[in-house]
Amino acid sequence: MWAIPQSGWTKEGPALWPHGENAVSAVCWSPLGDLLITASRDGTAAVINVKLGSVVARLDGHLGEVTAIAVAPNGEYCATASADGTAREWSLPSGAPLRAH
């Protein structure tokens, strides 16, 4: 389990929410529970280290809404799928792009 800081995650609080006003379209936890990967209608995804309370990577490259996220069982990479018809693989936690399909 994880806890929201008492100050809350607001625009005035920790710089945790990476998608601004855009709606979240998918979320996925890493197997160890320390990373939360979020996706947005703006075509981006983000890797949030919930233990540190910070965004550690932005996953940019899709041209349409990111509709799905999956994390490998070993937690070393994730895949995102988009309404643009592409899937992308990313290294975790760095967010380095690995390949696009």
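This is a predicted model: local features need pLDDT of at least 70, side-chain atom pairs count only at pLDDT 80 or more; totals for chains, interfaces and linings use all residues.
## Surface and overall make-up

The protein has 101 residues, and 38% of them count as buried.

Which elements build the chain? The secondary structure consists of 8 strands and 0 helices, so its pattern along the sequence reads β-β-β-β-β-β-β-β. Take the contacts between residues at least 6 apart in sequence: 28% of them join residues at least 24 apart.

## An open sheet of four strands

Now look for β5, β6, β7 and β8. These 4 strands form an open sheet in the order β5-β6-β7-β8, with antiparallel pairing. At the edges stand β5 (66-71) and β8 (97-100); each has a single partner strand, so one side of each is left without a neighbour in the sheet. On average, neighbouring strands of this sheet are turned by 20° against each other, direction ignored.

In general, strands of a sheet pair through backbone hydrogen bonds, either parallel or antiparallel. Here, β7 and β8 pair in the antiparallel sense over 3 bridges.

## A closer look at glutamate 89

Is glutamate 89 buried or exposed? Its relative accessible area is 16%, and buried means under 20%, so glutamate 89 is buried.

What surrounds glutamate 89? Leaving aside neighbours within four places in sequence, its contacts are Tyr77, Cys78, Ala79, Ala96, Pro97, Leu98, Arg99 and His101. Arginine 99, in β8, is also the bridge partner of glutamate 89.

Methods. Residues are numbered from 1 along each chain as its sequence is written. Side-chain values use heavy atoms; hydrogens and water are left out. Helices (H or I, at least four residues) and strands (E, at least two) are DSSP runs, numbered from the N terminus. Buried means under 20% relative accessible area, exposed over 50%, partly exposed in between (1.4 Å probe, protein chains only). Contact means heavy atoms within 4.5 Å. Two strands pair if DSSP finds at least two bridges between them. Axes are lines fitted to C-alpha atoms, for helices over the stretch in contact, and angles run from 0 to 180 degrees between N-to-C directions.
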